[in-house]
Amino acid sequence: MQSQTKRRLSPGELDALLRASSGIGCRVESELTDGWFNSAYRVVLDDGRPAVVKLAPPADVTVLRYELGIMATEAMVYRRIEALPGGWVPTPALLYAGEQFLAVSVLEGTPWDKAADRLSPAAEAALRRELGAITARLHTLAPEDGRFGYPAAESALFASDWRTAFTTMVDALLDDAERWQSPLGVPPAEIRTLVAEGGYALDEVTEPRLVHFDLWPGNIFVDVSNDGAQPRIIGLIDHERAFWGDPAAELVSLAFGGDTGPDSDLVTGYTEAGGKLDFTPAFRHRLALYRLYLNLLLVVECGPRGYGPDHLASCSHTLADSITQLRALE
């Protein structure tokens with residue numbers, strides 16, 4: 001995906017960056033072009049290990065407020081996952097991290113969206129249950145300081161309670177929307193009112209947990225072998241959008257891969273692994289707020305990333321739907 005936030009380096013420049021920051025150089029094999037925000041390269045390190053190097057946007061490129069410091073957030077998530085019991089949450093290993101880059105181990109599987117046509121309905125159902133269990137284990141992670149919101153200090157989008165943190169997160173996106181003249185379809189004041197009216201539901205969330213918030217199938221790698229073995233999940237990637245918040249918010253991006261309702265395979269796997277999702281009216285109200293937030297984000301990011309009119313129109317349509325759904329709850 002083409003994006004104005006991507007930073008591209010020559011093989012020599014990437015080698016020099018890695019060598020200066022970590023003491024080890026690399027040989028570039030290819031650029032990985034599927035990402036939407038960071039540029040990424042598959043490399044071979046000087047010691048022979050294959051790796052993926054992910055670059056932060058150039059320092060002079062404007063990003064959204066929530067995106068400030070998210071490279072460090074991703075590194076933090078890798079470290080926290082590594083500290084969980086072995087294999088609980090499969091993900092690449094963090095090899096090196098600097099202010100401008102991450103280097104992680106290579107996952108040899110296939111992104112789920114690219115393997116979907118090779119999956120039988122039974123295999124798909126089993127993978128969704130496995131994904132639910134992995135997500136429940138991811139949600140055992142809690143912030144060390146007890147705060148809700150984005151981990152990076154640069155964004156200043158955090159608070160001691162979820163209602164305040166989430167409201168601040170929405171306000172930041174609306175400020176970004178004003179800067180980029182994003183077409184929201186409704187006055188920002190209406191969005192703020194919809195969030196305020198859901199405050200009672202947000203107040204039910206009292207314990208912050210790690211929410212990946214980008215678990216669409218392209219960020220989930222699966223092993224689909226040809227030997228008759230059951231496909232399995234081998235890794236979750238792209239943790240930079242993570243925040244400390246309501247585990248229910250995870251269902252918003254998980255819905256891009258299939259059903260996330262109370263009787264779904266995903267929720268079955270989640271609850272069997274110890275997770276709790278109650279689907280009360282207040283829970284469903286929060287889900288509608290989180291759909292609004294994600295769809296607002298997808299519209300606003302079109303500005304700084306320079307996405308074309310067709311993509312913006314699609315995102316704007318989805319945002320309008322989420323606003324309509326929230327209005328119906330009032």
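I need a few terms before the helix. Contact means heavy atoms within 4.5 Å. Helices (H or I, at least four residues) and strands (E, at least two) are DSSP runs, numbered from the N terminus. Buried means under 20% relative accessible area, exposed means over 50%, and partly exposed is in between, with a 1.4 Å probe and protein chains only.

Now the ground rules. This is a predicted model, in which local features need pLDDT of at least 70 and side-chain atom pairs count only at pLDDT 80 or more, while totals for chains, interfaces and linings use all residues. Residues are numbered from 1 along each chain as its sequence is written, and side-chain values use heavy atoms, with hydrogens and water left out.

Helix H2 comes first. H2 has 13 residues, and from its first C-alpha to its last it reaches 18 Å, close to the 18 Å expected at 1.5 Å a residue. That expected span is 1.5 Å times one less than the number of residues in the helix. Which residues of H2 are buried? They are Ile70, Met71, Thr73, Glu74, Ala75, Val77, Tyr78 and Ile81. As for what covers the buried residues of H2, the cover includes strand E3, strand E4 (94-97), strand E5 (101-105), helix H4 (121-138) and strand E9.

Next, the strands. Two strands pair if DSSP finds at least two bridges between them. Strand E1 (residues 26-32) pairs with E2 in the antiparallel sense, over 6 bridges, and here Glu31 stands opposite Tyr41 in E2. On to E2 itself, residues 39-45: this strand is mostly covered, with 6 of its 7 residues buried. E2 also pairs with E3, antiparallel and over 6 bridges. Ala40 has Lys54 in E3 as its bridge partner. E2 and E3 form a hairpin with 4 residues between them, and Gly48 in the turn has a positive phi of about 95°.

There is another set of pairings to look at. Strand E6 (residues 110-111) and E10 pair in the antiparallel sense over 2 bridges, with Pro111 opposite Phe221 in E10. E10 also pairs with strand E11 (residues 232-236), antiparallel over 4 bridges, and Val222 stands opposite Ile233 in E11.

Salt bridges now. A salt bridge here is a side-chain nitrogen of Lys or Arg within 4 Å of a carboxyl oxygen of Asp or Glu. How many salt bridges does this rule give? The count comes to 21.

Lys54 lies in strand E3 (residues 50-55) and Glu74 in helix H2 (residues 70-82), so the pair ties together parts that are 20 residues apart in sequence. Both Lys54 and Glu74 are buried. The two also belong to a network of salt bridges that links Lys54, Glu74, Asp238 and Glu240.

Asp171 and Arg192 meet in another salt bridge, at 2.9 Å from N to O. This pair links distant parts of the chain, with Asp171 in helix H5 and Arg192 in helix H6, 21 residues apart. Asp171 is partly exposed because its relative accessible area is 25%, and Arg192 counts as partly exposed at 33%.

Helix H6 takes part in a further pair. Arg327 forms a salt bridge with Glu190, the closest N and O atoms being 2.6 Å apart. Arg327 is in helix H12 (residues 309-329) and Glu190 in helix H6, so to speak of distant parts of the chain, the two are 137 residues apart. Arg327 is partly exposed at 40% relative accessibility, and Glu190 is partly exposed at 24%.

Last, two loop residues. Most residues other than glycine have a negative phi, and most peptide bonds are trans. Gln181 has a positive phi, near 50°, and lies in the loop between helix H5 (162-180) and helix H6 (188-197). Phe213 also has a positive phi, near 70°, and is found in the loop between strand E9 (209-211) and strand E10 (220-223). Are these two buried or exposed? Gln181 counts as exposed because its relative accessibility is 71%, whereas Phe213 counts as buried because its value is 1%.
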